[in-house]
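Please read these points with the model open beside you.

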Amino acid sequence: MMLLSNYLEGVPCGNHPILKTQNYTCAPLLVLYCNTEGFLEPLAIQLFSNKKEQNPVFTPKDPPNAWLLAKMFFNSANGQIQQLNEHLLFTHMVTEPFAIALRRRVSRNHPLFRFMFTHLQHIIAVDSYARGVMISTGGTIDRVMSTGGGGHLELMKRGFKKWSIEDFDVPKCLAKREYGYRDDSLLYWAVIKKYVRRIVELYYKSDQDVANDSELQDFMEESKKFGFSYADDDKLPSKLEKKTELIHLLTGIIFMSSVQHAAEGNPMFDIYGNPPAHPVLLRQPAPTNKEKVSMEDIMNTLPDQDLMCAQMAVSHTLSTPPADEVFLGEFPMKLFTEESAIKILEEFTQDVKDIGKKINERNKSWKVPYEYLLPENVPARIDM
Ligand SMILES: [Fe+2]
């Protein structure tokens, strides 16, 4: 298996706003192989995907310090993409426009509002905070990540340009992903899609009902016009004509707001809480000579004590659910009063519980259980 991060090619690294030092990252290539026990092991790392000179291929047979530093650089580059694009952009930012359009264009008693509110309740507040404090000039990202200082926004722009509603087709995208995440996600995808389909079929008897629902069409128009102007024009339709299109869109929004966000956010402290293994800010350029890497070079490259503490604090905060968290399948707000709809919600609650039983059963036979997507760890919405 080969992982390619040329996504980062040419993305600028910042100067630390307090320390006034230059940050560094790379755009690496990684080759992995699956060993006989089913674990992935790194075989080779090249730190720049497009550079021809002074771009050695690092392997486990190199001097230990050189291999260690190459792995740190890979993890650091991967951390920029995971935190900024996979997490912030592809769960927070792509669901927020729908939350805004829902409030501005759909009345409170419309089934679309009552159905989606559970999953889009807090995202506007969370993203406002992220824009004001985290990705803003001099904010958290500038202080803890190598691409802070503007590169982080460039990275997100590149990601948004590539986004399309096809990215809401999770089973298609999952062919590329790792096993625990993939297997559990497919279980959730099936029950979320069933839950959405049953609600849509309850309130829309025909495709014509979808096309003629002026509030739904206003919601689509507003989401596209104000939320996706960065994406190419054909990436999100501005009008829905069919029930299947509505089911696809709502399933995607709910999945990204719940399961996908949990998969990106829950492991954060387990990964970035160990800054030497996954440093998201590096203070020296990538090594170009395998023979001359000393432990002093490694220490000078890693974040210093204050930066490591900041990385640990941020990742801990982002992976800790708030006290009033609502988990997928829970409905503390009684937004539906129709018995037929309540029955669908209750069935969804049971379906999610059954997924928990399946994951626990599967985990018994795994050396390293994958627990990030157990129902008790999957919020119904984005809160952090
Ligand atoms: Fe988040």
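1. A residue is called buried if 20 or more other C-beta atoms lie within 10 Å of its own. The structure is a predicted model, and the cut-off is applied to it below.

2. The UniProt annotation "binding site", from an unreviewed entry, covers His 87, His 92 and His 261. These residues span 175 residues in sequence, but no two of their C-alpha atoms are more than 7.8 Å apart, so they gather at one spot.

3. Is His 87 buried or exposed? His 87 has 20 C-beta neighbours inside 10 Å, and therefore counts as buried. The residue belongs to helix H1, which runs over residues 64–105. Apart from neighbours within four places in sequence, His 87 is in contact with Gln 82, Glu 264 and Gly 265.

4. His 261 sits in helix H10, residues 243–265. His 261 also counts as buried, because 23 C-beta neighbours lie inside 10 Å. With neighbours within four places in sequence set aside, the contacts of His 261 are Thr 91, Met 256 and Ile 382.

5. The largest nonpolar core has 85 residues. Which of them touch the most other members? They are Ala 70, Phe 73, Leu 102, Val 196 and Leu 250. Helix H1 supplies the largest share of this core, 16 residues.

6. Take Leu 102 from that list. Beyond neighbours within four places in sequence, Leu 102 is in contact with Phe 113, Met 116, Leu 120 and Phe 219.

Key: Residues are numbered from 1 along each chain as its sequence is written. This is a predicted model: local features need pLDDT of at least 70, side-chain atom pairs count only at pLDDT 80 or more; totals for chains, interfaces and linings use all residues. UniProt positions are given in the numbering used here, feature names are shortened, and annotations may be inferred rather than shown by experiment. Helices (H or I, at least four residues) and strands (E, at least two) are DSSP runs, numbered from the N terminus. A residue is buried if 20 or more other C-beta atoms lie within 10 Å of its own, exposed if 12 or fewer, and partly exposed in between; C-beta atoms are placed from the backbone. Two residues are in contact if their C-beta atoms, placed from the backbone, lie within 7 Å. A nonpolar core is a set of buried Ala, Val, Leu, Ile, Met, Phe, Trp, Tyr and Cys residues joined through C-beta atoms within 7 Å.
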